[in-house]
Amino acid sequence: MNSFDVVVVGAGIIGCSVSYHLSKAGYSVALVEKGDIAHGTSSRCDAVALICDKKPGIDTEIGFKSIQLYKELAKEFSFDFEFSTRGSLYVCETEQELEIASGYVAEQRADGYDMKMVDQKELLEIEPYLAKDLKGGIWTEVDSTMNPYLVCFAFVEEAKKYGLKLFTHHEVKGVTKGPDGRVQSVITDRTTLHTNRVVNCAGVWAAKLGQMVGIDIPIQPRKGMVLISEKTKPVVSQKVHEFGYMLSKFEDIKYKRNVSKLVEENNIAFTIEPTEADNFLLGGHRAFKGYDISSENDVIRGIAERAIRFLPILKDISCIRAYAGIRPWVPDHLPIVSEVEEVPGFYIAGGHEGDGISMAPITGRMITQLISGEETDFNIDRLNFSRYKQLERVSS
Amino acid sequence: MSDEKTIVCRCEEISFQTISDTVREYSCSSREVKLRTRAGMGYCGGRTCRHMIDTIVAGINQEPIADEIQLSYRPPARPLTFGVLGGMQHDNESR
Ligand SMILES: Cc1cc2nc3c(=O)[nH]c(=O)nc-3n(C[C@H](O)[C@H](O)[C@H](O)COP(=O)(O)OP(=O)(O)OC[C@H]3O[C@@H](n4cnc5c(N)ncnc54)[C@H](O)[C@@H]3O)c2cc1C
Ligand code: FES
């Protein structure tokens, strides 16, 4: 019979990690995906696991742990997902940015994280092609990179060894509940799977799955465009991004960069990262445009403009392609890793916005701990879905 | 000529053999073959090899695998330098 301990919906990086961890823990698992593996955001993104872009506190703690888990998985898995620890560099354009950066580094260092400030001279020693007028930056040597869709394939291949059943090209159309309100089955366009536990890993589509059981999940799509360079010499050897990135990511930091209207209006901040194939990925951009993933010329121009300001050598290097992805955004920038109180057996692992790649291993692990009734690696009260209900109560 | 030597994607140098082995092993769509092998992800953006990849995949998978996007072309329509895209002249440019 089509009956499983757990049905995981969505074969993005989160669903693949959740499926792997559950299968390894001995559960019979079905992974259901409307397209093929990595059909959604996890094949339309960048590829870094950073602690330097997290807020001090739980965000950094679980981010750091997740990188450690990646290191172990890279050793353990027979499927290579191009993991490497290259480090990352934040660059500051102005003295003021440098000052905010120092405060941030001091806070992270006090918590024991290995980040350090570098001055103008050191910056150019680390990355010689950077513009000469930059003031300095933050260097985080532990930051790592991998190929996100290969991570998805790797999780699935390893999970199959523990018996994972994969249902690609199956779109979930409904989730039924028993008389006691508990999850009973998952209905796809092609079959019905019986189960008492569903994990919603549907990324930006998570809210649609929530509606099927009558709950309101506040995950929204936040678009980001990426430009791909031709294969070229190592113009940078690690992820480099402008400190203003931080400022565009968190709306609560008040700081205004001196940038063109095009860059300002499209919420663009310079990021570049190397890939194993010697192409470079350039961004970054954030906008609320619904589910639209078309390429926008203005955004392409703005990203290129900002890129050559920080890395003038790019002027003569070609951009061969552009693509856009949509991040699963939540209002308070913390993922949801939780069972839903009102619907026993319904779990959510989502809303990782721009950190889903980083956070995938730890998320899979903690969902498995929740389902097994074990203590989670971290106190994740703040990642609980019920936080939104409390908010509603406060505001009404 | 052997399948190993027949190059389907010239930009990324991916052989007929690699592509057909991947389709057989994972019974996957063109899109997944592209992600797994890099075929179609090269300088020309798949303009040269895309049709061939689709044909190979369709030939091996008896029943066509529905995938609304298959191999999509992505803009820009042809490679352009970042200098041209971003505008060569810059107020805040470094010296
Ligand atoms: C431009 C950009 C750059 C980024 N850079 C980074 C980075 O450097 N580091 C980082 O950590 N993160 C980064 N991210 C964020 C990261 O990509 C996401 O957080 C992550 O991919 C989300 O994974 P997911 O598994 O939750 O969602 P997805 O990968 O979108 O997976 C959800 C899956 O669910 C499936 N699905 C949806 N509804 C149904 C249904 N009804 N039935 C069956 N299947 C369904 C979808 O087809 C999809 O495959 C970036 C994102 C963008 C857009
Ligand atoms: S020939 Fe395959 S990408 Fe150019």
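In the predicted model, Lys231(A) forms a salt bridge with Glu12(B), in which the closest N and O atoms lie 3.3 Å apart. The count of salt bridges between chain A and chain B is two, and 12 residue pairs, both members at pLDDT 80 or more, are found in polar contact across this interface. On the side of chain A that touches chain B, at least two residues each are supplied by α5 (148-161), β14 (220-229), α9 (297-310) and β18 (318-329) of chain A. The largest share of that side, seven residues, is contributed by α9(A). By class, the residues of the side of chain A that touches chain B comprise 20 nonpolar, eight polar and 15 charged.

The extent of the interface between the chains can be described both by residues and by area. In residue terms, 43 residues of chain A are in contact with 35 residues of chain B. The area buried between chain A and chain B amounts to about 3,300 Å², with carbon and sulfur atoms giving 56% of this area. Of the area that chain A buries against chain B, 19% is supplied by Lys315(A), Ile320(A) and Arg321(A), which is more than any other three residues supply.

Within chain A, the domain assignment gives domain 1 (6-44 + 149-219 + 332-395) and domain 2 (88-141 + 220-329). The centres of domain 1 and domain 2 of chain A, taken over C-alpha atoms, are separated by 31 Å, and the contact takes 14 residues from domain 1 of chain A and 16 residues from domain 2 of chain A. About 1,300 Å² is buried between these two domains of chain A, 59% of it on carbon and sulfur atoms. Arg44(A), Val204(A) and Glu353(A) supply 47% of the area that domain 1 of chain A buries against domain 2 of chain A, more than any other three residues.

Two salt bridges are found across the interface of domain 1 and domain 2 of chain A. The side chains of Arg286(A) and Glu353(A) meet in a salt bridge with an N to O distance of 2.7 Å, and Glu353(A) is also one of the three residues named above for their share of the area buried by domain 1 of chain A. Polar contacts across the interface of the two domains of chain A involve five residue pairs, with both residues at pLDDT 80 or more. The side of domain 1 of chain A that touches domain 2 of chain A has four nonpolar, six polar and four charged residues.

Technical notes:
Residues are numbered from 1 along each chain as its sequence is written. Chains are lettered from A and ligands numbered from 1 in the order in which they are written. This is a predicted model: local features need pLDDT of at least 70, side-chain atom pairs count only at pLDDT 80 or more; totals for chains, interfaces and linings use all residues. Side-chain values use heavy atoms; hydrogens and water are left out. Contact means heavy atoms within 4.5 Å. Buried area is the accessible area (1.4 Å probe) that two parts lose on being put together, summed over both. A salt bridge is a side-chain nitrogen of Lys or Arg within 4 Å of a carboxyl oxygen of Asp or Glu. A polar contact is a pair of N or O atoms within 3.5 Å; within protein, one must be able to donate a hydrogen and the other to accept it, and residues adjacent in sequence count only if both atoms are side-chain atoms. Helices (H or I, at least four residues) and strands (E, at least two) are DSSP runs, numbered from the N terminus. Ala, Val, Leu, Ile, Met, Phe, Trp, Tyr, Cys and Pro count as nonpolar, Asp, Glu, Lys and Arg as charged, and the others, Gly among them, as polar. Domain bounds come from an automatic or database domain assignment.
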